[in-house]
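This report describes the surroundings of the ligand in the structure shown below.

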Amino acid sequence: MTQFKNFIGGKWVDGNDSAPNVNPSDTSDVIGHFARASADQTQKAIASARSAFRTWSLSAPQQRFDLLDQVGSTILARKNELGKLLAREEGKTLAEAVGEVGRAGQIFKFFAGEALRVGGEIVPSVRPGLTVEVTREPLGVIGLITPWNFPIAIPAWKIAPALAYGNCVVVKPAELVPGSVWELVKIIAEAGAPAGVINLVMGKGSVVGETLVKSADVDAISFTGSVGTGQAIAAQCVATGKKFQLEMGGKNPMVVLDDADLDVAVEACINGAFYSTGQRCTASSRLIVTSGIHDRFVEAMQARMRSLKIGNALDESTQIGPVVDAKQLGQDERYIELACAEGGSVFGGGRVPSATEGFFLAPALVTNTTPAMTINREEVFGPVASVIRVTDYNEALAVANDSPFGLSAGICTASLAHASHFKRHVQAGMVMVNTATAGVDYHVPFGGRKGSSYGPREQGTHAREFYTTVKTTYIAPGNV
Ligand code: NDP
């Protein structure tokens, strides 16, 4: 069985022990054993990043452009092979997985360009004779803690800007899906990243993650994952004086108004709620539907759900892959049971038989729900959506905003007035009109409000707000 090592200070090193990476479509398929780093090894990775920062932070933008551009080209050239690995370890369909790898390649290309575009400002001083310069500098050592649902895209959208702006990185992928990050780090190393600029420490959140978060030598943490872990990380970052950025899920509303194009609304909801097995923080999990279209909408959703093919992620005809593991499957099923116990009616949601041992769950649509029910308050993170019937647009907007989360929000309507009002008044970081709440571009900001996100936005040019720090310099003539 192949053993995959950690990457520390430019060298591949064994861990204390290792963990198997298991295919959720076929649990007899073990992708490999991935080293688990100890706290000491994590400290070594941090120290090598700190040491590399001295020169990398002063490197020419052309060097960083060339590195990231080369990484992007390699990812794109290998996207089918890397996509297959991703589908094997996470369980999203082959098409989704290849698409995600392609996205990672595009992200590296984008941030290659960003390395060249870090400008500054020269501002006249309010005091006579002085000039003010505002410039950006890298932060230092960045700890990146990533989740399992986007095994290469999320690490890419954190690693690429960190390196582009001259920082050094210690990345800790989710234990469930270390394979894609392992390949990504190898690509970055082979593209010529100097030793210590990128370090990979795989292993447990409670060991590796906590060491990163508590270390006084880590300048910033960028985290994506659950609310509970995010809040614990935030408290430790405050205690150790670190900059931090958190992306933590959603309970994203999709409003469907009476005047919506039914086919458009159903496709947006099927995609937003169930593609990628519903395991997206931007998934549409609350479908808020006005009464004039409600029954037709539910009927059309159920008909469309019957046609979805659930199965092995590597089978090209599969439209919905397995749930990521047994623990998540149990969580999904508990939420479905709870929704029934609280008065909801469930369509779908049963286990799906398969030729291989895996975690196959039919998408579930829960109707007859109210905003106060648990299914409408907490993130399930599976192929489970609920329908809330409302009387009109105003009630729909109020229900959409009645959530501790605020990541993505959608509306399906033919009314420009309602779409414009919704865009302005919905409490979300991203708004979608007549398109799914999930599925975003890579050159514009990604992130939310309320309990979904904390800190500057990720992706696009806005990423520099997190990965750089601003310096203001005052220059008086005569002495310079
Ligand atoms: P976690 O938040 O526990 O994990 C996310 C990352 O944080 C992983 O790399 C994890 O490591 C790491 N981590 C865990 N504990 C600590 C810690 N104490 N200090 C530092 N890092 C830590 O999410 P899970 O993977 O356990 O998923 C649980 C739920 O979270 C899901 O059911 C879903 O609701 C939500 N989730 C949301 C995501 C989003 O995009 N918003 C993505 C993934 C999950 P390790 O894997 O080794 O535990």
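## Location of the ligand

The ligand lies between domain 1 (3-248 + 452-475) and domain 2 (252-433), because both give residues to the shell around it; the domain bounds come from an automatic or database domain assignment. This is a predicted model, in which local features need pLDDT of at least 70 and side-chain atom pairs count only at pLDDT 80 or more, while totals for chains, interfaces and linings use all residues. Residues are numbered from 1 along each chain as its sequence is written, and side-chain values use heavy atoms, with hydrogens and water left out.

## Composition of the shell

The ligand is surrounded by 27 residues, each with a heavy atom within 4 Å of it. Thr-146, Glu-175, Ser-226, Gly-249 and Gln-328 are the closest. By class, the shell holds 10 nonpolar, 12 polar and 5 charged residues, with Gly counted as polar.

## Polar contacts and cover

Polar contacts are pairs of N or O atoms within 3.5 Å. A polar backbone atom of Gly-205 is 3.0 Å from an oxygen atom of the ligand. Side chains also take part: a polar atom of Thr-229 lies 3.1 Å from a ligand oxygen, and an N or O atom of Glu-379 is 3.4 Å from a ligand oxygen. Of the 860 Å² of accessible area that the ligand has on its own, the protein covers 84% (Shrake-Rupley method, 1.4 Å probe).

Technical notes:
Polar contact = N/O pair within 3.5 Å; in protein donor to acceptor, adjacent residues only side chain to side chain.
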